[in-house]
Amino acid sequence: MKGVIFSELVRWVEEAFSPAVADAMIVGAAVASDGVYTNVGSYPHEEALALIGALSELTQKPVPDLAHSYGYWLSARFVALYPEMFDGYTDAISFLRDVDANHHREVKKLYPDARTPSVVAVVDGQELVVSYASHRPFADVAHGLIRGYIHHFDAALEVVRDETAQGPHAARFVLRPLPADG
Ligand code: HEM
């Protein structure tokens, strides 16, 4: 998996916890790269799982919650790192419908060895159904990213994860309008 996902993970831990926790996570995970990642490099995704596992031990927070929080935070980092991928998008639904066709396609142009997950979004009446599938087990990160973009575009949508779908390699998220107040 591309180094940007790892370098941002370390940055997130530094900001959300502390630099000392980030260092302890890297030591605890005993990863081959020693926590040194370049955005263009590629590293086994197992290293990300080891890092989050070590963070879970240090913080006593469950791995799925940490992965979700990281995805939520990462959504805003992508805006800063890849602003051109947001050009022309003014709403969450249009943006989320274009992950395979646009954003992850652009990622593959930037990083030809990237193996991005499948993210298929289909409009169903008032709802948008986003299906995630990957050879990697990052459905919780996907959930956090989706919630992050709903926040980014200030959309009045709630996200319900279909618990019958298989995780963590595949998941289905139903986005529907928030009930009106009152
Ligand atoms: C402009 C927006 C986006 C950018 C720039 C982006 C970028 C990336 C990059 C660079 C990777 C690493 C790929 C690799 O190493 O092979 C990745 C993986 C991933 N992306 Fe995106 N992405 C975007 C939007 C999304 C959205 C909206 C979702 C939500 C479903 C998503 C879900 C994921 C997940 C879960 C992974 C982890 C790898 C895996 O599960 O196989 N991405 N993305």
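Predicted model: local features only at pLDDT ≥ 70, side-chain atom pairs only at ≥ 80, totals over all residues.
View 1. The ligand is surrounded by 27 residues. Lys2, His104, Arg115, Tyr132 and Ser134 are the closest of these. By type, the shell around the ligand holds 20 nonpolar, 4 polar and 3 charged residues.

View 2. Ser134 places a polar side-chain atom 2.5 Å from an oxygen atom of the ligand. Helix H1 (3-16), helix H5 (92-97), helix H6 (99-110) and helix H7 (139-152) are the elements that each give two or more residues to the shell around the ligand. At Arg115 a backbone N or O atom lies 2.6 Å from an oxygen atom of the ligand. For His104, a polar side-chain atom is 2.9 Å from a nitrogen atom of the ligand.

View 3. The space in the largest cavity is about 730 Å³. Its lining is made of 34 residues. Nearest the centre of the largest cavity lie Ile5, Phe78, His104, Pro117 and Leu145.

**View 4. Where the cavity lining comes from.** At least two lining residues of the largest cavity come from each of H1, helix H3 (45-59), helix H4 (63-81), H5, H6 and H7. H7 gives the most, with 5 residues. Domain 1 (3-61) and domain 2 (69-177) each supply at least three residues of this lining. The lining divides into 27 nonpolar, 4 polar and 3 charged residues.

Key:
Residues numbered from 1 in each chain as written. Heavy atoms only, no water. Near = heavy atom within 4 Å. Polar contact = N/O pair within 3.5 Å; in protein donor to acceptor, adjacent residues only side chain to side chain. Helix = DSSP H or I, 4+ residues; strand = E, 2+ residues; numbered from the N terminus. Nonpolar A, V, L, I, M, F, W, Y, C, P; charged D, E, K, R; others polar. 1 Å grid on protein atoms, 1.4 Å probe; cavity = no way out; pocket = protein on both sides within 12 Å on 5 of 7 lines; lining within 4 Å. Points joined across faces, edges and corners; volume = space filled by probe spheres on them. Domains from an automatic or database assignment.
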